[in-house]
Amino acid sequence: MTVYERLETTYAGKDLELCEKAYDFAKKAHENQKRASGEDYFVHPCTVAGILLDLGLDAATVAAAFLHDVLEDTPVSEGDLKKEFGEEVLELVQGVTKLEKIEFTSREEEQAENFRKLFVAMAKDIRVIIIKLADRLHNMRSLNFLSVERQQRMARETLEIYAPLAGRLGISQIKCELEDLCLKYLEPDSYEYISTNVEERLKEGGGFVDHVIEDVKAMLEESHIKGEVFGRRKHLYSIYRKMKEKGKTLDQIYDLVAIRVLVNTVDECYEILGKIHNKWRPVPGRIKDYIATPKPNLYRSLHTTVVTNYGRVFEIQIRTYEMNHAAEYGIAAHWKYKENKKEADDLDTRLSWIREVMEWQGGLKDSKEFLNSLKGDIYSSEVLVFTPQGDVISLPKDATPIDFAYAIHSAVGNKCVGAKVNGKIVPLNSTLSVGDVVEIITSQNSKGPSWDWLKIVKNPSARVKIRQYFKRVMKEENAKTGKTMLEEEAKRRGYSLSELLNEESFLFISSKMSFNSIDEMYASIGYGAVGVNQVLVKLIDYHRRKQPRQEITRFYAAKPEKASSVKVKGMTGILVRFAGCCNPVPGDSIVGFISRGHGVTVHRSDCPNLRHAEADRLIEVSWLDDKGTSVYNAGIKVIGSAQSQVLAQVAAAVAELKLEIVSTNGRTDGKSGQVIIDFNIRLNNKEELDRLIKKLSQNPGITDVFRTAT
């Protein structure tokens with residue numbers, strides 16, 4: 001059955017109309033586009049929508065799945081989507097669309113900012129991440145058509161972020177498949193060995209598994225309990241991880257297949273567990289009750305590992321049908337049972353983790369710091385401890401009472417002066433164990449957290465909350481430090497802060513970096529949230545554009561050794577410098593400008609800063625052949641389509657011509673939607689510059705490329 005046919009069996013009325021309209025719209029938008037596999041691009045959004053249909057998502061989510069790439073890969077605008085499909089679908093598509101309008105210094109920063117944007121969208125609507133997980137799942141399924149480098153990069157990103165996210169949201173169906181696909185591309189030899197040998201062992205031991213299943217079915221019949229019993233092979237990555245972490249061979253792993261028992265009620269779960277333990281001896285320490293104490297992702301089940309009379313070890317999982325559905329579909333199960341109050345309560349509990357992430361991410365200006373903290377938060381081993389009231393708190397492995405205090409609330413952590421574990425006072429750096437009952441001692445006279453706590457805590461969110469405290473209470477000191485740093489760096493560059501920073505220039509800075517006041521800007525610099533040069537470069541750029549005439553002698557990228565490459569008519573032994581406003585290179589038509597006290601500054605003849613220059617201060621200059629021993633800077637502006645990966649094309653062309661990029665600055669034009677990149681290149685002569693411009697101009701995704709005068 002095709003995805004289109006499935007829509008008719010899943011939805012009706014306006015829901016069906018919405019999905020069919022999205023299908024037709026996306027099909028037309030992606031017409032003539034192909035994937036790396038050679039198949040029509042529209043196959044991808046259809047497959048993503050199909051995965052969401054399997055999960056039981058609502059019509060708006062499936063419609064957004066059909067449309068999730070149109071903003072990024074087609075001329076369709078946000079206005080078009082809103083007009084055709086409304087605000088709800090538009091916001092879902094926006095949340096999934098990759099970030100394109102931020103200036104990035106590296107791919108790592110781009111990745112980090114993408115995930116930060118994704119979490120902001122998740123906080124507004126959790127369906128965003130479910131679409132993104134389905135999108136990533138299909139991309140991983142078709143990874144074999146990409147280069148080995150891209151396969152490994154994408155698989156590593158998936159294993160670090162997307163698979164753990166699926167696990168944290170309880171969608172084990174997607175999590176397990178993602179992990180197995182990652183193993184296939186990151187460790188192909190291990191994947192092949194495990195998959196081949198596991199299948200052989202399952203065939204050999206099939207009779208034993210069938211025998212155990214029949215025994216458990218007999219227990220159900222004896223107790224007059226209606227249910228199902230079947231074997232479920234563990235997914236390959238979990239086997240690989242157990243082999244690696246515990247140093248075991250495949251022959252030493254006995255629970256390749258888990259016996260799963262599904263019944264109708266919680267009481268029946270415990271009744272069958274008792275009968276199983278009565279027949280087979282349980283392995284000490286391997287009985288886990290996730291019904292009484294669910295995992296943070298709300299996974300509920302009874303697990304036990306037992307030994308038969310013949311010494312064979314196997315695992316049995318016992319749960320209700322409802323628990324099994326929640327374990328497979330996690331947060332996605334909410335939409336199938338959205339009228340069920342329990343599902344609504346479960347959804348709220350699952351969302352609490354995302355709200356907590358959004359609470360502490362607000363204090364992080366650096367996206368890379370956010371990504372590192374996020375990885376630690378979703379990928380750490382868990383320790384379940386209790387409050388004195390019996391509430392369960394999940395913490396990372398080796399967590400301390402300080403982690404526990406901040407998990408309760410920031411105010412509890414900030415006022416913490418001591419802790420009791422199981423009724424006894426313990427040091428704050430003590431390591432908590434599973435099942436500990438923890439009580440935090442607070443005092444209103446507390447001076448707040450210590451800097452040393454940052455070295456003690458294990459929970460990334462606790463670390464961020466401690467830093468937020470210091471940022472808030474030390475704002476005045478940070479502001480003084482930041483102002484001093486900015487003043488000193490401005491002076492080093494030949495400016496005074498007072499001439500650069502005024503009401504107009506601050507408005508310009510705040511529009512770029514979202515500062516509410518000058519003191520906040522100073523404090524951010526002093527605290528280290530933003531670099532001093534991030535602010536200063538923008539201030540200098542604004543100052544130059546506002547006062548071009550006064551800046552003519554200021555833009556000297558002065559390197560005295562370049563003087564030997566230019567001859568000044570009628571003069572010898574004079575200091576010669578090159579203007580940084582137009583960056584002349586050998587081959588350019590040039591003219592000299594006599595600067596009082598600074599010798600002769602060499603400009604390109606077409607430099608706009610010479611339009612108002614005094615004629616009697618201009619002097620004839622000419623190039624000498626320095627045999628390519630000197631290097632020069634030149635500015636280039638590139639304008640291209642937002643879908644054409646302009647920055648990657650620029651970097652590839654520069655690398656191919658063996659040139660060097662000195663600096664780059666990119667942005668997206670709000671009206672045209674085009675990407676504009678200014679970059680500075682280091683080269684030997686104008687011939688190299690012309691070759692680069694010609695090469696870039698030949699790229700169909702680049703609409704214009706030219707040399708800049710400033």
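This note goes through the predicted model point by point, from the whole chain to single residues.

1. Basis. The model is predicted; local features need pLDDT of at least 70 and side-chain atom pairs count only at pLDDT 80 or more, whereas totals for chains, interfaces and linings use all residues. Residues are numbered from 1 along each chain as its sequence is written, and side-chain values use heavy atoms, with hydrogens and water left out.

2. Whole chain. The chain has 29 helices and 21 strands; helices (H or I, at least four residues) and strands (E, at least two) are DSSP runs, numbered from the N terminus. Of the 710 residues, 49% are buried, where buried means under 20% relative accessible area, exposed over 50%, and partly exposed in between (1.4 Å probe, protein chains only).

3. Contacts. A contact means heavy atoms within 4.5 Å. Among contacts between residues at least 6 apart in sequence, 65% join residues at least 24 apart.

4. A three-stranded sheet. Strands in the order β10-β9-β11 form an open sheet with antiparallel pairing; two strands pair if DSSP finds at least two bridges between them. The edges are β10 (424-426) and β11 (438-442), each with a single partner strand, so one side of each has no neighbour in the sheet. On average, neighbouring strands of this sheet are turned by 35° against each other, direction ignored. Axes here are lines fitted to C-alpha atoms, for helices over the stretch in contact, and angles run from 0 to 180 degrees between N-to-C directions.

5. Pairing and packing on that sheet. β9 (residues 416-421) and β11 are joined by five bridges in the antiparallel sense.

6. Cysteines. The structure holds zero disulfides, a disulfide being a pair of cysteine sulfur atoms within 2.5 Å. Cys269 is buried at 0% relative accessibility, and Cys416 is buried at 3%.

7. Aromatic pairs. Rings of Phe, Tyr and Trp (its six-membered ring) pair if their centres lie within 6.5 Å; planes under 30 degrees apart count as stacked, over 60 as edge-to-face and the rest as tilted. The count comes to nine aromatic pairs. One of them is Tyr23 with Phe66, edge-to-face at 5.5 Å centre to centre and 85° between the planes. Tyr23 is in helix α2 (residues 13-29) and Phe66 in helix α4 (residues 59-67), 43 residues apart. Tyr23 is buried at 15% relative accessibility, and Phe66 is buried at 0%. Phe208 and Phe314 have ring centres 5.7 Å apart and planes at 75°, so this pair is also edge-to-face. Phe208 lies in helix α12 (residues 206-222) and Phe314 in strand β6 (residues 313-320), so the pair ties together parts that are 106 residues apart in sequence. Phe314 is buried, at 3% relative accessibility.

8. Aromatic cluster. Tyr4, Tyr23, Phe42 and Phe66 form one aromatic cluster.

9. Gly666. This residue is found in strand β19 (residues 660-668). At 19% relative accessibility, Gly666 counts as buried. Its C-alpha atom is separated by 8.4 Å from that of Phe679, 13 residues apart along the chain.
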